[in-house]
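These are my notebook entries on one structure. I set down what I looked up, entry by entry.

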Amino acid sequence: MEWKREFEIGVELIDGHNRQLFERFGRLLDGARGWDDAGFDETLAFLEARAVDQLEEERRLMLASGYPLAEEHARAHARFVETVREVAEQRRASRASPWPGAKLTLFLSSWLREHVLDLDQDLGRFLRTHPGRGAGDEAPQAALEP
Ligand SMILES: [Fe+2]
């Protein structure tokens with residue numbers, strides 16, 4: 001699986017995060033000889049860190065820009081965090097089980113299709129047409145109100 005220019009939304013912060021996610025996902029699929037592989041743990045560790053750091057940065061960017069679908073988008077990010085944590089817990093409970101790997105692969109496939117190529121594209125269109133609104137500090141909660 002390769003990152004393509006048409007996946008970009010024109011906002012470097014988010015494009016950089018998504019490129020990294022694609023790269024990790026590609027490595028996960030390439031190395032999927034068995035879920036006892038250390039590469040899986042490495043990918044999981046990356047996703048757990050991404051879940052808390054990168055998605056938080058994107059949330060701040062949405063709030064600062066006054067993006068009207070910020071709440072819905074942030075809920076999708078929360079589902080990402082939740083799923084990665086579930087998979088990590090299942091992995092810690094049993095390294096021999098194939099289910100955490102299978103679950104993560106299915107989840108990332110749909111995340112790339114439904115989130116990166118859909119919700120993030122919509123956010124990108126908004127940020128590009130509202131220049132200068134996404135660069136400041138976090139906006140107050142009222143910025144989420146339509
Ligand atoms: Fe997003």
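**Entry 1: α1 and α2.** I began with the packing of α1 and α2, whose axes are 11 Å apart and pack at an angle of about 165°. The axes are lines fitted to C-alpha atoms, for helices over the stretch in contact, and the angles run from 0 to 180 degrees between N-to-C directions. I noted that α1 and α2 are therefore roughly antiparallel to each other; angles under 35 degrees count as roughly parallel, over 145 as roughly antiparallel, 65 to 115 as roughly perpendicular and the rest as oblique. The crossing of α1 past α2 is left-handed, a term used if the near helix is turned anticlockwise from the far one by less than a right angle, with right-handed used if clockwise.

I then listed the residues that meet. From α1 they are Leu13, Ile14, His17, Leu21, Arg24, Arg27 and Leu28, and from α2 they are Gly39, Phe40, Thr43, Phe46, Arg50, Gln54, Glu57, Glu58 and Leu61. Two residues are in contact if their C-beta atoms, placed from the backbone, lie within 7 Å. By class, this contact of α1 with α2 has seven nonpolar, four polar and five charged residues. Ala, Val, Leu, Ile, Met, Phe, Trp, Tyr, Cys and Pro count as nonpolar, Asp, Glu, Lys and Arg as charged, and the others, Gly among them, as polar.

**Entry 2: the kind of model and the overall plan.** I recorded that this is a predicted model, in which local features need pLDDT of at least 70, side-chain atom pairs count only at pLDDT 80 or more, and totals for chains, interfaces and linings use all residues. Residues are numbered from 1 along each chain as its sequence is written.

I counted four helices and zero strands in the protein, and from the N terminus on the elements run α-α-α-α. Helices (H or I, at least four residues) and strands (E, at least two) are DSSP runs, numbered from the N terminus. Of the contacts in the protein with a separation of 6 or more, 71% are between residues 24 or more positions apart.

**Entry 3: α4 and its partners.** I next examined helix α1 (residues 12–30) against helix α4 (residues 99–129), and found an angle of about 165° with the axes 11 Å apart. That makes α1 roughly antiparallel to α4. In α1, Ile14, Asn18, Phe22, Phe25 and Leu28 meet Thr105, Leu108, Leu112, Val116, Asp120 and Gly124 of α4. The contact of α1 with α4 divides into seven nonpolar, three polar and one charged residues.

Helix α3 (residues 70–93) also packs on α4, with axes that come within 11 Å and cross at roughly 165°. That makes α3 roughly antiparallel to α4, and α3 passes α4 in a left-handed crossing. Among the residues in this contact are His73, Ala76 and Phe80 of α3 and Trp111, His115 and Leu119 of α4. I noted ten nonpolar, four polar and two charged residues for the contact of α3 with α4.

**Entry 4: the interior.** How much of the protein is buried? Buried residues make up 23% of the 146 residues. A residue is buried if 20 or more other C-beta atoms lie within 10 Å of its own, exposed if 12 or fewer, and partly exposed in between; C-beta atoms are placed from the backbone.

The largest nonpolar core has twelve residues, including Leu21, Phe40, Val84 and Trp111. Such a core is a set of buried Ala, Val, Leu, Ile, Met, Phe, Trp, Tyr and Cys residues joined through C-beta atoms within 7 Å. Two or more residues each come from α1, α2 (38–65), α3 and α4, and α4 gives the largest share, four residues. A second, separate core has eleven residues, among them Ile9, Ile14, Phe126 and Leu127.

Entry 5: Gly124 is in helix α4 and counts as partly exposed, with 16 C-beta neighbours inside 10 Å. Not counting residues up to four places away in sequence, Gly124 touches Ile9, Gly10, Val11 and Ile14.

Ala76 is in helix α3 and, with 16 C-beta neighbours inside 10 Å, counts as partly exposed. Ala76 and His115 are 39 residues apart in sequence, yet 7.9 Å apart in space, C-alpha to C-alpha.

I ended with Arg95, in the loop between α3 and α4. Arg95 is exposed, with 11 other C-beta atoms within 10 Å. The C-alpha atoms of Arg95 and Asp37 are separated by 9.3 Å, and these residues are 58 residues apart along the chain.
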